[in-house]
Amino acid sequence: MSSDIHVERLRARLLGKQGGALVDREAQAARAVAPKVATGPEHYDFAQFPELREYANTRWYYDKQGYEWNMFREHAGVVSAEVDVAGRRMINFSSYNYLDLSGDPRVQAAAKQAIDDYGTSTGSGRIIMGEIPLFAEFERELADALGVEDAVLGVSGYGTNVATIGYLARKQDLVLYDELVHNSMLVGAKLSGARRFAFAHNDCDALERLLIEHRSNFERVLILTEGVFSMDGDIPDMPRLIEIKKRHHALLMVDEAHSMGVIGARGFGVVDHFGLNGADIDIHYASMSKAFATIGGYVAGRRELITMLKYYAPGLGLYIASPMPANAAAGLAALRIMRDEPQRARRVVENAGYFRAQARLAGLNVGRSEGSAVIPVMLPDAELALWMAARMFENNIFTFPMIFPVVPRNAARLRFFVNTAHTREQIDRTVRLLVELKAVAPISKGLF
Ligand SMILES: Cc1ncc(COP(=O)(O)O)c(C=O)c1O
């Protein structure tokens, strides 16, 4: 019922008049609004939503092949180079715990102390009553490590990307992003309402062409890339990106989820790896769920940027509760260990280098992975990726198949996250098994 008819009926009733004429007009109004969409159960019954078909097909395929369902699989105990799954001890390549700090007694003690000191929640947004010294301590020490003025810690890694990009980019702005950046960056860009163009992966010339063509039509231009790409394990040419962004007066944001704590002499990410000035990158971002062994996300950069985000960015500073005290304490303890024990980062990179070299020697395709701890083993199709992952699992090696939609349909792979605690023997065994399995793999039937 349109609101003015509703008001008229109400008025008629209050005035003691008949509503008959109004009922006729209501029917006329309903006829005038012919339905544009034929409503069916697929619009109100979740069981009939088409999205569920993808899931049903996947389960059907696993059952048909006799594979154990490998998603949401529970593990016991702390994840490290090994993990307990289904009562079995497995070599683990599926945790982001690069520096093996998730089970570190110092990190755990800091998190427990924070719970003793502040409880399990601050019970408020930071701006209101949720601020505790731990947040500022983490932010101060992080900013120092990156060589920038300030930082802000957010509740979620994913959400901090969405909130930051969604806040900084506006309708009159342009976002240029590497085609392989993480979904959280894409969603932030989409929500911002800014014009968006992808450039070919790590192709600085393509980026420059876009800037030459479009820069003058927009106010702010935000360039999005990653320090280490999460699916491919390669590192972009950061000095060239910085030179380009400076020349075109654009802003550069780098997602260091997989590079912070890992690459560079001290492990402090791209700044360290390339010997950059922290101020050359406008927006430093990382998720806290990788090397920091906790959960959350940070942004670091100039003081003015951080002030804006803390006071005004919905989902980072505003309209959101503070991070959990224990998360900030764990992140701070992890940061201090990174600073004091740079050998951890060096060992991750060495371990990964060994894995990559052995895999290449054995004829495996590790794609463009270089210098990082993310190693894909590229496979011709998704069926082979699922088959290989299932056989690896049977052989007590945990690695996860990456298939569409997280990678393109023709880019299926097994992805290996190497960590500081992996041994040469574990890596050798893994590479050997990959080679043996590939040699006897069945031809895919095109069922999936
Ligand atoms: C590159 C990248 N950015 C952002 C995120 C989001 O971080 P989180 O999962 O901690 O929310 C991830 C998560 O996997 C990631 O790989």
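User: How many nonpolar, polar and charged residues are in the lining of the largest cavity?
Analyst: The lining has four nonpolar, two polar and three charged residues. Here Ala, Val, Leu, Ile, Met, Phe, Trp, Tyr, Cys and Pro count as nonpolar, Asp, Glu, Lys and Arg as charged, and the others, Gly among them, as polar. Bear in mind that this is a predicted model, where local features need pLDDT of at least 70 and side-chain atom pairs count only at pLDDT 80 or more, while totals for chains, interfaces and linings use all residues. Residues are numbered from 1 along each chain as its sequence is written, and side-chain values use heavy atoms, with hydrogens and water left out.

User: Which residues line the largest cavity?
Analyst: Leu99, Gly261, Arg266, Gly267, Met338, Glu341, Pro342, Arg344 and Ala345. The volume of this cavity is about 40 Å³. On a 1 Å grid over the protein atoms alone, a cavity is a set of points where a 1.4 Å probe fits but cannot get out, and a pocket is an open set with protein on both sides within 12 Å along at least five of seven lines; lining residues have an atom within 4 Å of a point. Grid points are joined across faces, edges and corners, and a volume is the space filled by probe spheres set on the points.

User: And the largest pocket, what volume does it have?
Analyst: About 1200 Å³. Its lining has 49 residues, with Tyr96, Met231, Met402, Arg415 and Phe417 nearest the centre. By class, the pocket lining splits into 23 nonpolar, 16 polar and ten charged residues.

User: Which elements each supply at least two residues of that lining?
Analyst: Those are β2 (82-85), α7 (157-168), α8 (183-192), β9 (283-287), β13 (400-402) and β14 (413-417). Helices (H or I, at least four residues) and strands (E, at least two) are DSSP runs, numbered from the N terminus.

User: Last topic, the backbone. Where is the cis peptide bond?
Analyst: Between Phe404 and Pro405, with omega about 10°. Pro405 is in the loop between β13 and β14. Separately, Phe72 has a positive phi of about 55° although it is not a glycine, and Phe72 is in the loop between α3 (51-65) and β1 (75-76).
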